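Hello! Here is the structure I promised to pass on to you. Please open it and keep it beside this email while you read.

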Amino acid sequence: MTVDATATSVSGVNIKSSQNRLLIKNGRIVNDDGIEEADVYIEDGIIKQVGRNLIIPGGTRTIDAAGKLVMPGGIDPHTHFELEMMGAKTADDFYKGTRAAVAGGTTTIIDFVLPEKGQSLLEAYANWREKADNKVCCDYGLHVGVTWWSPAVQKEMKQLVSEQYGVNSFKMFMAYRNTWMLDDYDLYCAIETCAELKALPQVHAENGHIIARNTEKLLAAGVTRPEGHQLSRDEEVESEAVNRACVIANQANSPLYIVHMMSKSAVRALQLARNKQKQPVYGETLAATVGTDGTHYRNSCFRHAAAHVLSPPLRPDPSTPQAMVEALADDHLQLIGSDNCTFHEKDKEIGKGNFSKIPNGVNGVEDRMTILWQKGVNTGIMDPCRFVAVTSSSAAKIFNLWPQKGRVAVNSDADIVVWDPRLEKTITAASHKQAVDFNIFEGQHVVGGPQYVIVNGRVCLDDGELRVVEGLGKFLKTPINSPYVYGEQNLSHADHDLLEPLSRDSPDRVNGSSVPTDLALVNKHLEGLSVTSSGCSTPTGRKMRDPMQRDLQNSTFSISKETEGLDTKTSVRVRNPPGGKSSGLW
């Protein structure tokens, strides 16, 4: 076990014992279902007490979170660390990748075991465990890819969901022809097997055959630069596959999780499916999708353009990022991941002269939470409770880690972020903690970020100073038959997802520009939120309040007193009512 260079070099035993008691006081706890003013006492990596006037033993370290938000640590449901693909290996291994995750407020990641065609799933699983177990700085789980189909694969899926291995999700590809892609018959068989096992099937939804043919035509026409990547797989290629995957899952009477949804068209297809599917369907988007767009593919600098190549690609439609944030806010999408799959410049250059050979992947694990806060909360599109839901709690529920993860509550793991809504920084590759030499969010100014990050009770980001420990994290077994996925609450799931347009009125404009990042907007969101266990206005589709029930939204709670004196623009109008917009059902 090694300690990050910014931390004191001590043994693992001393690290744990030196910080096994921690009190976070004067903060405002934000869970997916509400905000409350309370202190949090942690001992031996577990939350032991939540409330006021706690009785705390001596020798307890105290963090004063006045003016801060105390949230469950982020859960990134989609990473690729130490992955070899397309002739290259990712820049971020399990140490550097989870180190960056913690720096950004993420305390749990779920990576993908991706077997080669013909390779044993159990063998690939063992390889991933060997790569990760002694390197991770935070807890991690594993999805397993089903990249080929046979009775042997089906048998190994049954073994992987056992207590011995602890896997409850399997990923199938509808793209990457001749490497990982399954045809529709094999995809049906794999999804059907997941349903039988009470596991969750995941799908990379793009039409691989259309992509292959478009690629041939583009290269023949002399289109070789990175823009060819996007041209070969436009929105229709994604939305068609989303629809087809949903049809197959419905035929198999199976739930479905669609990874990295990148376009408005794909989300519309998902909405239609969620209205008629017999089983729940979940959609995930990425930090890259909400933080940037596909106009970068036409940049004259190959390095810049190639650094943005991932699949499905970023969309050139400049309205896509805001539409995806709104889809997250309205529960048309349920989670945001990073799909962190980074390659150095020298590796991206493998595709010079042939865009189809550019290794696919971008960064995001470190910036996922700050980018969404900037694009979602600071703009008034979502409130802090919904932010917690899509960055943490929903993943914990879907992958059956709830309430051990994804919640600040007694007996939950002490994975906590103390979030400062006033913290400002400019994202740069020069200062980020990732190993990759490029950042797709380069130069973006963000307001709001983690000041302290606690992983299993240990302060790993300490007032901005990173103090991670290699090997501190542990492997999380994810049990099958998640109550959130297979429970009774999902029997009428389709009826709850009302169709809504993916665009809203244009944002208010001040001095000819879009609404700026402004702490007044955060204050507005927090004003009116009740200081109770259920006072958040997150659009999660809870039942309407009984007329005789006390209105928990009626409160004078605000953090405005904490930000007095800051340069805020009181003239900016918030598009959502105090506490945020409520729409849709969950």
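**Salt bridges**

The side chains of D184 and R244 come together in a salt bridge, with 2.6 Å from N to O. D184 belongs to helix α5 (residues 184–197) and R244 to helix α8 (residues 235–251), so this pair ties together parts that are 60 residues apart in sequence. With a relative accessible area of 34%, D184 is partly exposed, while R244 counts as buried at 18% relative accessibility. Before you go further, please keep in mind that this is a predicted model.

How many salt bridges are there by this rule? The count comes to 26. Another one to find is that of D139 and K405, whose side chains meet at 2.6 Å, N to O. D139 sits in strand β12 (residues 139–145) and K405 in the loop between α15 (384–398) and β18 (416–426), so the pair ties together parts that are 266 residues apart in sequence. Are these two residues buried or exposed? D139 is buried, with a relative accessible area of 0%, and K405 counts as buried at 2% relative accessibility. Both belong to a network of salt bridges that links D139, K405, D413, D415 and K474.

One more salt bridge is worth a look: D317 forms it with K264, and the closest N and O atoms are 3.0 Å apart. D317 counts as partly exposed at 26% relative accessibility, whereas K264, at 15%, counts as buried.

**The sheet and its helices**

Now please turn to the strands. Strands of a sheet pair through backbone hydrogen bonds, either parallel or antiparallel. Here you can trace an open sheet of eight strands with parallel pairing, in the order β8-β11-β12-β13-β14-β15-β16-β17. Which strands stand at the edges? They are β8 (74–79) and β17 (335–337), each with a single partner strand, so one side of each is left without a neighbour in the sheet. On average, neighbouring strands of this sheet are turned by 30° against each other, direction ignored.

Although β8 is an edge strand, six of its six residues are buried, so β8 is largely enclosed by the rest of the structure. Its pairing with strand β11 (residues 106–113) is parallel and runs over four bridges. To find your place there, look for D76, which stands opposite I109 in β11.

The strand that holds D139, β12, pairs in the parallel sense with strand β13 (residues 169–173) over two bridges. On the β13 side, K171 stands opposite G145.

Helix α8 lies across β14 (200–204), β15 (256–258) and β16 (281–286), and runs at about 165° to β15. Helix α9 packs on the sheet too, touching β15 and β16, and its direction makes about 160° with that of β16.

**Aromatic rings**

The last group to look at is the rings. A pair of aromatic rings is described by the distance of the centres and the angle of the planes. A search of the whole structure finds 13 aromatic pairs. One of them is F173 with W180, a tilted pair with 5.0 Å centre to centre and 40° between the planes. F173 is buried, with a relative accessible area of 2%, and W180 counts as buried at 11% relative accessibility. W180 also pairs with Y176, this time edge-to-face, with 5.4 Å centre to centre and 70° between the planes. Like W180, Y176 is buried.

Elsewhere, ring pairs link F81, F94, Y125, Y140, Y165 and F475 into a cluster.

K131 lies over the face of W128, at 3.6 Å from the ring centre. In the other case, the charged end of K397 sits over the ring of W402, 4.6 Å from its centre.

Best wishes

Key. Residues numbered from 1 in each chain as written. Predicted model: local features only at pLDDT ≥ 70, side-chain atom pairs only at ≥ 80, totals over all residues. Heavy atoms only, no water. Phe/Tyr/Trp six-rings, centres within 6.5 Å; stacked < 30°, edge-to-face > 60°. Buried < 20%, exposed > 50% of the residue type's maximum accessible area, 1.4 Å probe, protein only. Lys NZ or Arg CZ within 6 Å of the ring centre and 35° of its normal. Salt bridge = Lys/Arg side-chain N within 4 Å of Asp/Glu carboxyl O. Pairing = 2+ DSSP bridges. Axes fitted to C-alpha atoms, helices over the stretch in contact; angles between N-to-C directions. Contact = heavy atoms within 4.5 Å.
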